[in-house]
Amino acid sequence: MSAAKQSVLVVEDEPSIASFVGMYLKRAGFAVHVAGTGNDALETASADPPALIVLDLMLPDLDGIDVCRRIRQRSDVPILMLSARDEDVDKIIGLEVGADDYLTKPFNPGELVARVKSILRRSSPERRDFVSSVLEHGNLRIDAGRREVTVAGEEVQLAPKEFDLLWDLLDHRGLVLTRDQLLERVWGYTFAGDTRTVDVHVRQLRRKLGEACPIVTVWGVGYKVSTEPKAAKAS
Ligand code: CA
């Protein structure tokens with residue numbers, strides 16, 4: 001680790017969980033700030049921008065989704081969301097709020113620390129070592145430099161991990177990538193993580209890109225993009 005500690009903002013209104021999470025992160029070498037409400041989180045995040053935010057979904061004022069959405073309007077800071085229930089997963093990753101990852105309570109604090117580290121490793125400035133800066137597939141065009149995706153010239157807004165996942169699959173056209181491989185490549189996990197994260201992101205990409213989404217499910221294995229784009233539909 002470098003000498004300067006990276007700071008993590010923990011947004012959680014339950015003091016026992018906040019201090020528990022804070023303790024593990026401090027032990028792992030991070031500087032930790034805690035915010036107990038959504039408004040407090042927004043204030044702290046803009047006054048003293050952290051390297052990463054651990055954000056609980058259920059807060060007493062704004063909910064975590066609102067907080068995430070508002071932060072995303074002005075910042076690409078990585079956000080790891082915490083939720084109490086599995087059913088919230090689609091909501092968290094699915095509502096275009098742009099969280100990078102999530103954990104369901106109760107979680108293992110060691111796993112939380114591992115995820116924080118891998119998200120940070122992936123979001124350091126040098127992470128995007130693109131060989132070429134633009135990929136095209138049918139009427140889909142991805143510009144890595146501008147972080148811009150267009151379908152037939154129309155821009156489509158993608159969350160950061162949706163973009164990275166789409167890029168990675170397109171960049172490996174013709175190859176099947178397993179969910180674990182995608183987790184490692186896009187999210188930086190070095191262990192077998194919760195692969196639903198991948199599925200939820202693929203679902204979102206299909207919803208946002210519609211017919212132009214080139215991702216094919218390979219049952220029992222993972223996902224791929226064919227080398228040839230689907231024939232354009234006659235209009
Ligand atoms: Ca809470």
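This report covers the calcium site, the salt bridges around it, a set of paired strands and the cysteines of one predicted model.

Residues are numbered from 1 along each chain as its sequence is written, and side-chain values use heavy atoms, with hydrogens and water left out. Because the model is predicted, local features need pLDDT of at least 70 and side-chain atom pairs count only at pLDDT 80 or more, while totals for chains, interfaces and linings use all residues.

**Calcium site**

Five residues coordinate the calcium ion at 2.1 to 3.2 Å: Glu-12 (OE), Asp-13 (OD), Glu-14 (OE), Asp-56 (OD) and Met-58 (O). Donors here are N, O and S atoms within 2.8 Å of the metal (3.2 Å for Na, K and Ca); water is not among the atoms, so sites may look incomplete. Along the chain the donors follow the spacing E-D-E-x41-D-x1-M.

Accessibility is given as relative accessible area, where buried means under 20%, exposed over 50% and partly exposed in between (1.4 Å probe, protein chains only). Asp-13 is partly exposed at 31%, and Glu-14 is partly exposed at 34%.

**Salt bridges**

The whole structure holds 14 salt bridges, each defined as a side-chain nitrogen of Lys or Arg within 4 Å of a carboxyl oxygen of Asp or Glu.

| Pair | Closest N and O atoms |
|---|---|
| Lys-105 and Glu-14 | 3.7 Å |
| Lys-105 and Asp-56 | 3.0 Å |
| Asp-164 and Arg-147 | 2.9 Å |

Helices (H or I, at least four residues) and strands (E, at least two) are DSSP runs, numbered from the N terminus. In the salt bridge of Lys-105 with Glu-14, distant parts of the chain are linked: Lys-105 lies in the loop between β5 (101-104) and α5 (109-123), and Glu-14 in the loop between β1 (7-11) and α1 (15-27), 91 residues apart. Lys-105 is buried, at 16% relative accessibility. In its salt bridge with Asp-56, Lys-105 is joined to strand β3 (residues 52-56), which holds Asp-56, 49 residues apart.

The salt bridge between Asp-164 and Arg-147 also links distant parts of the chain, from helix α6 (residues 160-171) to the loop between β7 and β8, 17 residues apart. Asp-164 is buried at 1%, whereas Arg-147 is partly exposed at 31%. Elsewhere, salt bridges that share partners join Glu-12, Glu-14, Asp-56 and Lys-105 into one network.

Two strands pair if DSSP finds at least two bridges between them. β6 (residues 134-137) and β7 (residues 140-143) are antiparallel, with four bridges; Val-134 has Asp-143 of β7 as its bridge partner. The hairpin of β6 and β7 has two residues between the strands, and Gly-138 in the turn has a positive phi of about 60°.

β7 also pairs with β8 (residues 148-151), again antiparallel and over four bridges, and Leu-140 stands opposite Val-151 in β8. In this hairpin four residues separate the strands, and Arg-147 takes a positive phi near 55°.

**Cysteines**

A search of the whole structure finds zero disulfides, a disulfide being a pair of cysteine sulfur atoms within 2.5 Å. Cys-68 is buried at 0% relative accessibility, and Cys-213 is buried at 6%.
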